[in-house]
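Here's a quick briefing on one strand and the neighbours it pairs with. Have the model open while you read.

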Amino acid sequence: MSLQLRVITNSDPIVPDRRIDALRAGDRKATAEVLRELLPFVRRWLHRLLGPRGDLDDATQDALTEISRALPRYEGRASLKTLAHRITVRTAYRYYGRKHGREVLSLVPPALEDVDPESKAMSREALARLHRCLERLPERRRVAFVLCAIEGMTPQEAAEVEGVSAVAMRSRLMHARAEIERRLSADPYVVALTGGRDEE
Amino acid sequence: MKNEPMMRKLVELAREDEPPPLSREEAEALIDAALEEAERPSPARRSVRRWMVAVAGAAAIAAAALMTWFVGDAVQSTPEPTALELPSGDRLTATPGAAFRIERAEAAERLIEIDGGTMLFEVVPLETEERFLVVTPHVRVEVRGTVFSVEVERERSRVRVFAGRVDVFEGSRRTTVDADQVLVSTTRALASLEDDGPLGELGREAARHHTTRSSIDPRELPIVIGEPARAEETVAAIAEEAEPRPVRAPRGVALTEVAEAPETPEVIATEPDEVEVRGWIVRGEATRALAYADAHEGGSWRMIEAEALRASGRFQESVVEFELAASALSGSQKATAVFNAAQVSFREARNPAGAIVILDRWSATEPGAPLEERALALRVRALRAAGRTDEARAQARYYLDRFPRSGLSTWMQGLADGAAVGEPE
């Protein structure tokens, strides 16, 4: 018995899944199956929302727990994935501001002149700097950037996940981008690695 | 965008970045752990076994959620004195065990009923069209901006005035009580105030700081409607707030530790603050408040968003927003946000099961939790509404063990006994 997950757009009909009854009845097997399908999504969402940190699996478990608790109330009005994403974002908010648990292994960045611009080490360092920059953003703007820029959602879709208006989401995204650009364009390492300021 | 290539490259890197791989066994272990956690007995039920331990260290403010939304609910204060502020800026302090109800909290009329215990009132000076009334089983007190206390016993009420003047009505008879006077209802005797009674020290201190309306700085008005004002917690809450926020100057003993008046008031006078934005909601401008609050970070702004959503009839979103606010808040503010989420779920969204989940998720009914009594009462009602009758009866019995003198005790007893009871008033 497998539950197909798919992104439901506004134009999609919402087809009641016959297994919704099992979920609503708290069927453990059906719930575990849904969690199994959602796990890769939830973990990736959290990885992007929280950045590399040692308590990713704790956060994932928390999100799955919340999803599991929500499933008996699931009525099929929205896609399961949207529901899971919403809960995952909410879980991420709880982790913002917390200490990261175990320290994440951080590499000493290589000197600029010693690395090939295409190397993985450079990419990792650029990414690490992006995440450090995201950590300094107000939480909502950070989430807006992750959902829209990294996850590739439209502001409307991200707004649905966050439960806010699309206008508010656009505003958050705009501020987030401006802040990230302002911070990272002052970082010569990132500029060099990413070929920034080409168009200045 | 000046740095479009840089942003594009960074986004590309972030999209390609995958979390560390999980083995099948690790994935199954995560899922099993999540399922087990989800199936664990609710904190409320576990708390029955743990309450003896928990209560010893718990400090509680029972009436923290006396916001506009909860007007009309009965409250019995906890073992700790209860302090709260109305949207109008009036400050109320109740002795431990005091039973009271805020019937109205609008600017035009504030009405507080006291069934037992002592309450101290610091009432901001009223405009001509405003009324502030306190009603006990024996007297009615009308106020025009003053500091006074009302002590209610089985046979009599005592009204003590520390600053200003109040009118006390017993039936049609009116007696004006001035500062440093006390009126006892049974004797109708007006006497000079020699025994300040419970909360007298607070009353004296408040009287020293009592101001006229013209001297009140708008920034002194409360930051959050109905926010409980327990001194030690307020200090911490302000310290934890992630963003700069207006800080009120101290007016009385309970808040003397809170903060100094801001040195650069012009900084916070330029934009609408939280009080003003809450005022928009009260005036029916919820959409405006929502848009403004959305542009701000921090738990208290999320509370405002949640309230605006509630006022707009967007109840499910309001529940989510209240929970998000709870994530960002601490202490009694957090408890208020959780309680609001559960109450909106129960009352407006008509989702009693959701209300139970919220209360349990946040351990709102833990012994010693800031709003334990109200959360327990709500959980009983939600269990009953969800058709979980046996659990509701068991929870009602537990409620009676914890709060035997509550205004809801008769209703709870009826429910516990299996009587056909309606909804509590």
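In which sense do strand 5 of chain B and strand 6 of chain B pair, and over how many bridges? They run parallel, with five bridges linking strand 5 to strand 6 (residues 131–135) of chain B. Keep in mind that this is a predicted model.

**The parallel partner**
- Within the pairing of strands 5 and 6 of chain B, Ile112(B) has Val134(B) as its bridge partner.

- Strand 3 (residues 91–94) of chain B pairs with strand 5 in the antiparallel sense, using four bridges.
- One of the residue pairs here is Ala94(B) with Met119(B), the latter sitting in strand 5 of chain B.
- Strand 4 (residues 99–105) of chain B is also antiparallel to strand 5, over six bridges.
- Look for Arg101(B) across from Glu113(B), which belongs to strand 5 of chain B.
- Strands 4 and 5 of chain B make a hairpin, and three residues lie between them.

- Strand 8 (residues 147–152) of chain B pairs with strand 5 over six bridges, in the antiparallel sense.
- To find this pairing on screen, go to Leu120(B): its bridge partner is Ser149(B) in strand 8 of chain B.

Methods: Residues numbered from 1 in each chain as written. Chains lettered and ligands numbered in written order. Predicted model: local features only at pLDDT ≥ 70, side-chain atom pairs only at ≥ 80, totals over all residues. Heavy atoms only, no water. Pairing = 2+ DSSP bridges. Helix = DSSP H or I, 4+ residues; strand = E, 2+ residues; numbered from the N terminus.
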